[in-house]
Amino acid sequence: MLIDSHCHLTKKFCPDVDQTLAQAKDAGVEKIITIGTTLEDSQEGIEIAQNHDGVYAAVGIHPEESCANWGKFEQLAQMPRVAAIGECGLDYKVGLPGQKEIFEKQIGIARKLNLPLSIHIRDAQDDLMKMDLAGTRGVFHCFSGDERYLNFILTKLPDFYISFAGNVTFKNASGLQQLAKLVPLERLLVETDSPFLAPHPLRGSQNTPANVKITVQFLADLKSISLEELSKITSKNAQILFGI
Ligand SMILES: [Zn+2]
């Protein structure tokens, strides 16, 4: 069994959800988490999850977005088939002013509702390391950063996983590949972040959850274990974290 722990199945990202899910099933992907980026997008993700077996939703406000109604956010986060809060985080490349407060708000809601966080951090690792994540758990999705930051997560945030997306397979990603080698198997998750970041050799095309298998195979080779073994371990990790 394979699990795609982070992708986007709502209409603006995925024009044909039924076809996408059928392809995923054919590739052995049995569970998928569709991640929210705004209130509306989160609500649409919940509807998709409620109407499709094996799909779960995360409710979140992306650092490029804002939230006009936190009451509604909390209400959505408590709906059936919601497995996480996210994506939320810090993005100093494209994020908006005020993103830190919006991230902190979501950390507080995750803590209160005992839901895992799906965290997006880009060019913001130093600020992340100063934030208070006590009493929370989750995953650093589409991991990027340096070894000091990775070690911080591994040692100081023991309830957090590290997830790699298709970009770890890219030809020019040797630095990221070295970091992936350092992540213990019991802390590792895999995702597509589709429709973004299609893995090599599909780089540049529209990504889809079925392609998570390519990234799992790549990481299995990197760690010198079989595809079956790594699929089993990363699926188990996702099931534990998200309760799915
Ligand atoms: Zn995403």
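**Exercise 1.** State how the residues lining the second largest pocket of this predicted model divide into nonpolar, polar and charged.

*Solution.* 
Step 1. Sort the lining residues by class: 6 are nonpolar, 2 polar and 5 charged.
Step 2. Assign the lining to elements. Helix 1 (17-26) and strand 2 (29-35) are the elements that each give two or more residues. Helix 1 supplies the largest share, with 5 residues.

**Exercise 2.** Describe the largest pocket by volume, lining and residue class.

*Solution.* 
Step 1. The volume of the largest pocket is about 460 Å³.
Step 2. Its lining consists of 20 residues, and those nearest the centre are His62, Glu64, His120, Arg122 and Asp193.
Step 3. Divided by class, this lining holds 8 charged, 7 polar and 5 nonpolar residues.
Step 4. Strand 5 (residues 117-122) contributes 3 residues, the largest share of the lining of the largest pocket.

**Exercise 3.** Identify the protein donors of the zinc ion and decide whether the site is tetrahedral or irregular.

*Solution.* 
Step 1. List the donors: His6 and His8, each through NE2, Glu87 through OE and Asp193 through OD. They lie 2.1 to 2.3 Å from the zinc ion.
Step 2. Take the angles among the 4 donor atoms, which run from 89 to 171°.
Step 3. Apply the cut-off: four donors count as tetrahedral if all angles lie between 85 and 135 degrees.
Step 4. Write the spacing of the donor residues in sequence as H-x1-H-x78-E-x105-D.
Step 5. Glu87 belongs to strand 4 (residues 82-91), while Asp193 sits in the loop between strand 8 (188-190) and helix 8 (212-222). The two are 106 residues apart, and the pair links distant parts of the chain.
Step 6. Check burial: Glu87 and Asp193 are both buried.

**Exercise 4.** Locate Leu113 and give its contacts beyond four places in sequence.

*Solution.* 
Step 1. Leu113 is part of helix 4 (residues 99-113).
Step 2. Leaving out residues up to four places away in sequence, Leu113 touches Glu74, Ala77 and Gln78.
Step 3. For a distance, take Val183, 70 residues from Leu113 along the chain; the C-alpha atoms of the two are separated by 28 Å.

Note on methods: Residues are numbered from 1 along each chain as its sequence is written. This is a predicted model: local features need pLDDT of at least 70, side-chain atom pairs count only at pLDDT 80 or more; totals for chains, interfaces and linings use all residues. Side-chain values use heavy atoms; hydrogens and water are left out. On a 1 Å grid over the protein atoms alone, a cavity is a set of points where a 1.4 Å probe fits but cannot get out, and a pocket is an open set with protein on both sides within 12 Å along at least five of seven lines; lining residues have an atom within 4 Å of a point. Grid points are joined across faces, edges and corners, and a volume is the space filled by probe spheres set on the points. Ala, Val, Leu, Ile, Met, Phe, Trp, Tyr, Cys and Pro count as nonpolar, Asp, Glu, Lys and Arg as charged, and the others, Gly among them, as polar. Donors are N, O and S atoms within 2.8 Å of the metal (3.2 Å for Na, K and Ca); water is not among the atoms, so sites may look incomplete. Four donors count as tetrahedral if all angles lie between 85 and 135 degrees; four count as square planar and six as octahedral if opposite donors are over 155 degrees apart and all others between 65 and 115; anything else is irregular. Buried means under 20% relative accessible area, exposed over 50%, partly exposed in between (1.4 Å probe, protein chains only). Contact means heavy atoms within 4.5 Å.
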